[in-house]
Amino acid sequence: MEDEQSFSDIYGGRLALQRRCYSPSCLEFCLSCPRITLRSLTAVTCTVWLAAYGLFTLCENSMILSAAIFITLLGLLGYLHFVKIDHETLLIIDSLGIQMTSSYASGKESTTFIEMGEVKDVVINEAIYMKVIYYLCILLKDPVEPHGISQVVPLFQSAKPRLDCLIEVYRSCQDILAHQRATSTSP
């Protein structure tokens, strides 16, 4: 079963949340960010090249224009490969663990897996970031202190969805965690 909902990020941009239910104990959430627009790409490129042309007219050195083109191309490739994330995926399997995948605009993917035995809980936390924002995070158990938390792993850091989207994911995560706790305690 798959459904898609539209939400917005903390800046008002559109986000698409796809929810795929493979079984009652396995869910996948894919949060898609807006793609880079031709308008913003053209604006940045033109700004850099106009500034370089202005410097060229003052200095009359053609290396400035060549450097501007080279820096713009390298900057764009670096941005697409290391910064711009197209979508973030959260896969939860109650008997196995939680997998988080970030897919960059260049096609590169970054995946992190957390075993379910290490997960204490999934919570919505708040932070002050010029205003109060909310984010979903995974609390990891402390191996030394059974009731302690060793680490907080934030989710959807690139997309920065608003609270209504986080609540949707949070409720489903809590359902799976409750199912996992029920099956692990039953004989």
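Which residues of the largest nonpolar core touch the most other members? In this predicted model, that core comprises 28 residues, and those that touch the most other members are Leu-90, Ile-92, Ile-98, Met-100, Ile-138, Phe-156 and Val-169. Two or more residues are contributed to this core by each of the strands β2 (14–23), β3 (26–32), β4 (85–93), β5 (97–104), β7 (119–128) and β8 (132–141), and also by the helix α3 (163–185). The greatest contribution comes from α3, which supplies 6 residues. In soluble globular proteins, nonpolar side chains tend to be buried together.

Phe-156, one of the core residues named above, is located in the loop that runs between β9 (149–154) and α3. Its relative accessibility is 6%, and Phe-156 therefore counts as buried, the limit for that class being under 20%. When residues up to four places away in sequence are set aside, Phe-156 touches Leu-31, Glu-88, Leu-90, Leu-136, Pro-161, Leu-166 and Val-169; among these partners, Leu-90 and Val-169 are themselves listed with the core residues that touch the most other members. The backbone of Phe-156 has a phi near 55°, a positive value in a residue other than glycine. A positive phi, of about 50°, is also found at Lys-160, which is likewise not a glycine and which is placed in the loop between β9 and α3. Whereas Phe-156 is buried, Lys-160 is partly exposed, with a relative accessible area of 24%.

The elements that give two or more residues to the nonpolar patch are the helices α1 (38–59) and α2 (63–83), with α1 giving the most, at 3 residues. Trp-49, which lies in helix α1, has a relative accessible area of 40% and is accordingly classed as partly exposed.

With regard to the cysteines, the count of disulfides comes to 0.

Technical notes. Residues numbered from 1 in each chain as written. Predicted model: local features only at pLDDT ≥ 70, side-chain atom pairs only at ≥ 80, totals over all residues. Heavy atoms only, no water. Core = buried A, V, L, I, M, F, W, Y, C linked by side-chain atoms within 4.5 Å. Buried < 20%, exposed > 50% of the residue type's maximum accessible area, 1.4 Å probe, protein only. Helix = DSSP H or I, 4+ residues; strand = E, 2+ residues; numbered from the N terminus. Contact = heavy atoms within 4.5 Å. Disulfide = S-S within 2.5 Å.
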